[in-house]
Amino acid sequence: MPSLGADMERGTVLEWRVRPGDAVYRGDIVAVIDTDKSDIEVEVFEDGVIERIVVPVGEEVEVGALLATIAGATDAVAVPTRPEVHLESEMLSPLVRHCAEELHVDVASLHGSGPGGLVTRADVERASGTPGRVRASPLARRRARDADIDLASAHASGPGGAVVAADLPLAPRPNTPHGDAAKVAVGRLMERAKHEIPHYYLTLHVDLSVALAWLDERNRTAQVAERILPAAMLLRATAIAATEVDGINGWWRDGGYEPHAHVDLGVAVARRGGGLVAPAIVGADRLTLPALMEALTGIIGRAKAGRLRASEMGEPSLTVTSLGDGGADSVIPVIYPPQVAMVGIGRIAERPWADGGMVGARRTVVLSLAADHRVTSGHDGSRFLRAIERLLHQPEVL
Amino acid sequence: MTTPTSLRDIALQALGEIAPEAQLSTLPGGELLQEVLDLDSFDFLTFVQALHDATGVDVPEIDYPQIATLNGVVAYLAERAPVS
């Protein structure tokens, strides 16, 4: 039973997705666990063959208890080899590489239709339109992913035999009892935060005209599925800035600060009907902006549908909370222990802005930082917020 | 030509997946969807994607204000949805 949250003690197996004898590969989802906050999908971390299911559906066990055994390649069990994917990494963006891996496409055999022979996502998807790959619209693919439906089993009524969203049943709704348990859990964590962490707070008003003009232009020529939202830009800038300033990205453990080598960015998501979860985008500092948008969309969709994965519930090294278009102008966050900082993003809106002795209207945002005074001080926190601002003035590098 | 009634149904079905707990049958046609249904920017993008999927109509960001209400959505789609 994995630990799917800093304060998780027990979990219940809701569903097994595998049986003894099934071959599993690293990253495959094998079970769904019920924690007191939400349902989490659990992956395996090695290739192997399922030997024995130890904990049946419905049984509650403590974190650390053995759930199932897997016979690995070292146990003299024949593990079917997963189809290998050969990649020319110079011609691929991480997003396309990921797409190729998921669709088992040998990119080396493709002719890239992008500039300079670049292999694009469309090239990969077109190449995989051979038997075995299900044609589906982007929305259908996303709904299938959120609801864990196998596209191959869906009736296809779209053009060219593609599965469209209307072909898929609605995702099952999570159990409502989570609502109250989730609120209690969040409340406990916030109490602990206020009790243990000496918070200090900073805010910075940022002019987003350059960033949003760049984004608007980019989105104007992009397909719907490739549009990027301002939130993704703000998160990307935050992730990069967190690698530039010490003391913002890590944990307070055993009386000292432990920095994290990468930025696993937690995103606070308010679930419809109450409850707050903060799944993590692992390695947000290493993702391109389109890849981060894709990850963010997936995480928000899954968080709202109550279908987050175990790999997303690991401890973030820094969390961001954004109130969105309908929210307040600024948010003064409460840090999630054992993290040492949280970034708040207020409502992006047109506001008066003074520049060169003149006042005009610009789209601006208030960024805020709550940080742990045992680790950083106002000077460090300011440098961090100013770094985010600097990056937002150079959107091309995001 | 897709009739206005079924375009409304398409829009409501798309909204129903994003806001499953909402009373969509009584959704006022002239109210701002984002306010009435508490949609964030990700929800709205999902909605635009769903409309594109169902009708083939791509709504560019500059036209978002035109589809801010249910009536707006139906009128916008009626002008642009290809003959089925």
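This is a predicted model: local features need pLDDT of at least 70, side-chain atom pairs count only at pLDDT 80 or more; totals for chains, interfaces and linings use all residues.
Residues are numbered from 1 along each chain as written, chains are lettered from A in the order written, and side-chain values use heavy atoms, without hydrogens or water.

Start with helix H5 of chain A, residues 209–220. Helices here are DSSP runs of H or I, at least four residues, and strands are runs of E, at least two, numbered from the N terminus. H5(A) has 12 residues. Its first and last C-alpha atoms lie 16 Å apart, close to the 16 Å expected at 1.5 Å a residue.

Which residues of H5(A) are buried? Ala211(A), Leu212(A), Leu215(A) and Asn219(A). Buried means under 20% relative accessible area, with a 1.4 Å probe and protein chains only. Down the axis of H5(A), these buried residues fall within an arc of 90°, so they line one face. They pack against helix H6 (230–244), strand S19 (358–372) and helix H8 (378–392) of chain A.

Now the interface. 25 residues of chain B contact 24 residues of chain A, with contact meaning heavy atoms within 4.5 Å. The rule finds three salt bridges across it. That rule asks for a side-chain nitrogen of Lys or Arg within 4 Å of a carboxyl oxygen of Asp or Glu. One joins Arg227(A) and Asp58(B), 2.8 Å from N to O. On the chain B side, H3(B) gives the largest share, 10 residues.

Technical notes
The expected span of a helix is 1.5 Å times one less than its number of residues. Buried means under 20% relative accessible area, exposed over 50%, partly exposed in between (1.4 Å probe, protein chains only). The arc is that of the directions from the helix axis to the C-beta atoms.
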